[in-house]
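Let's walk through this structure together, one question at a time.

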Amino acid sequence: MGSQDLKDFKITGVVAAPFTPFDSDGELALEKIDPYIEHLLANGVKNVYICGTTGEGPSLTIDERKKVAEKWVKAADGRFKAIIVQVGSGNLKEVEELARHSEAIGADAISTIPTIFFKPANPKVIAEFLQKVSNAAPTIPLYYYHNPNMTGVNFSLESILNLCTNIKTLRGSKFTSENLYDLSRCILLSSDKYNLLYAVDEVRTRWVRYICKPVARIFTVVFFYIKIGSQ
């Protein structure tokens, strides 16, 4: 994918987060992915985000994660608009390995959580981490997986994206948080630079789309005056 293609890459429509199938012994049941793909396509799903929270990516071995990604890419055979592989792990070396693998097998994009046992000390550390992941797979889009409830990494997405302007492959974030103020700020500040995928099922996406962007400026002004008034 060229630099212009990376710049123009954008995920639209529903993104499914599939389960990873196992047999009764806890081993991968890769053959079950084939009918899973047919079911999703038959129901109009055009994008999948694999090995994330629902897909139990962090619970799988490196070899298992590679096999799952390979199966999805091969069995889908280009019929999805985007297959996004979540490559986040407990250490950077594994993330880089999975990122390179996803790029090599023809995944459309990668995504990563931050390291979550030894957590990043500040947003700058996350930005440096994302740059290294980008360097490992420099030809495909990268999405930061912002999920503070699961990761325990509670910096605002805005504070992270503000430090990532030089990461050429970073196209946006999967935003799994109910903090709509942070989301609104990101929409306001990113303009069309970042593709933000809202992933809290309990909040109606139609509300997010039509409320967050128009009122982002209002939220900013209201919170500013509340802060000033409390000083």
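Q: In which helix does A104 lie?
A: A quick note before we start: this is a predicted model. Tracing the chain, A104 lies in helix α4.

Q: Is A104 buried or exposed?
A: The cut-off for exposed is over 50% relative accessible area. A104 has 69% relative accessibility, so it counts as exposed.

Q: What distance separates the C-alpha atoms of A104 and E70?
A: Along the chain, A104 and E70 are 34 residues apart.

Q: Is H101 buried or exposed?
A: H101 is found in helix α4, which spans residues 92-105. Buried means under 20% relative accessible area. With 13% relative accessibility, H101 counts as buried.

Q: Which residues does H101 touch, not counting residues up to four places away in sequence?
A: Neighbours up to four places away in sequence are set aside here. What remains for H101 is contact with K66, A69 and E70.

Q: What is the order of the strands in the open sheet?
A: The protein has nine helices and seven strands. The open sheet has seven strands, with parallel pairing. Read across the sheet, the order is β1-β2-β3-β4-β5-β6-β7.

Q: Which strands stand at the edges of the sheet?
A: An edge strand here has a single partner strand, so one side of it is left without a neighbour in the sheet. The strands in that position are β1 (15-16) and β7 (195-198).

Q: Which residue in β3 does I50 stand opposite?
A: β2 and β3 pair in the parallel sense, over four bridges. Within that pairing, I50 stands opposite V85.

Q: How many residues of strand β5 are buried?
A: Strand β5 covers residues 142-146. In a regular strand the side chains alternate between the two faces of the sheet. In β5 both faces are covered, with L142, Y144 and H146 buried on one side and Y143 and Y145 buried on the other. The strand is therefore largely enclosed by the rest of the structure, and the buried count is five of the five.

Q: What is the bridge partner of S111 in β5?
A: Strand β4 (residues 109-112) runs parallel to β5, and three bridges join them. β4, helix α5 (residues 123-136) and β5 also make a right-handed β-α-β unit. In β5, the partner of S111 is Y143.

Q: Which residue in β6 does Y145 stand opposite?
A: β5 also runs parallel to strand β6 (residues 170-175), and five bridges join the two. In β6, the residue opposite Y145 is K174.

Q: Which residues does S173 touch, not counting residues up to four places away in sequence?
A: S173 is found in strand β6. Its relative accessible area is 0%, so S173 is buried. Leaving out residues up to four places away in sequence, S173 touches Y143, Y144, H146, L157, N195, L196 and L197.

Q: What is the phi of C51, which is not a glycine?
A: Most residues other than glycine have a negative phi. C51 is found in the loop between β2 (47-50) and α3 (62-76), and at 1% relative accessibility it counts as buried. Its phi is positive, at about 60 degrees.

Q: Is E56 buried, partly exposed or exposed?
A: E56 lies in the loop between β2 and α3, and E56 has a positive phi of about 60 degrees although it is not a glycine. At 36% relative accessibility, E56 counts as partly exposed.

Q: What is the volume of the largest cavity?
A: Rolling a probe the size of a water molecule over the atoms shows where empty space is left. A search of the whole structure finds one cavity of 30 Å³ or more. The volume of the largest cavity is about 40 Å³.

Q: Which elements give two or more residues to the lining of the largest cavity?
A: The lining of the largest cavity consists of C51, R65, A69, V85, Q86, V87, L98 and S102. By class, that lining has five nonpolar, two polar and one charged residues. The elements giving two or more residues are α3, β3 (82-86) and α4.

Q: What percentage of the 231 residues of the protein count as buried?
A: Among contacts between residues at least 6 apart in sequence, 74% join residues at least 24 apart. As for burial, the value over the 231 residues is 47%.

Definitions and conventions. Residues are numbered from 1 along each chain as its sequence is written. This is a predicted model: local features need pLDDT of at least 70, side-chain atom pairs count only at pLDDT 80 or more; totals for chains, interfaces and linings use all residues. Side-chain values use heavy atoms; hydrogens and water are left out. Buried means under 20% relative accessible area, exposed over 50%, partly exposed in between (1.4 Å probe, protein chains only). Two strands pair if DSSP finds at least two bridges between them. A crossover is right-handed if, with the strands pointing away from the viewer, the path from the first strand over the helix to the second runs clockwise. Contact means heavy atoms within 4.5 Å. On a 1 Å grid over the protein atoms alone, a cavity is a set of points where a 1.4 Å probe fits but cannot get out, and a pocket is an open set with protein on both sides within 12 Å along at least five of seven lines; lining residues have an atom within 4 Å of a point. Grid points are joined across faces, edges and corners, and a volume is the space filled by probe spheres set on the points. Ala, Val, Leu, Ile, Met, Phe, Trp, Tyr, Cys and Pro count as nonpolar, Asp, Glu, Lys and Arg as charged, and the others, Gly among them, as polar.
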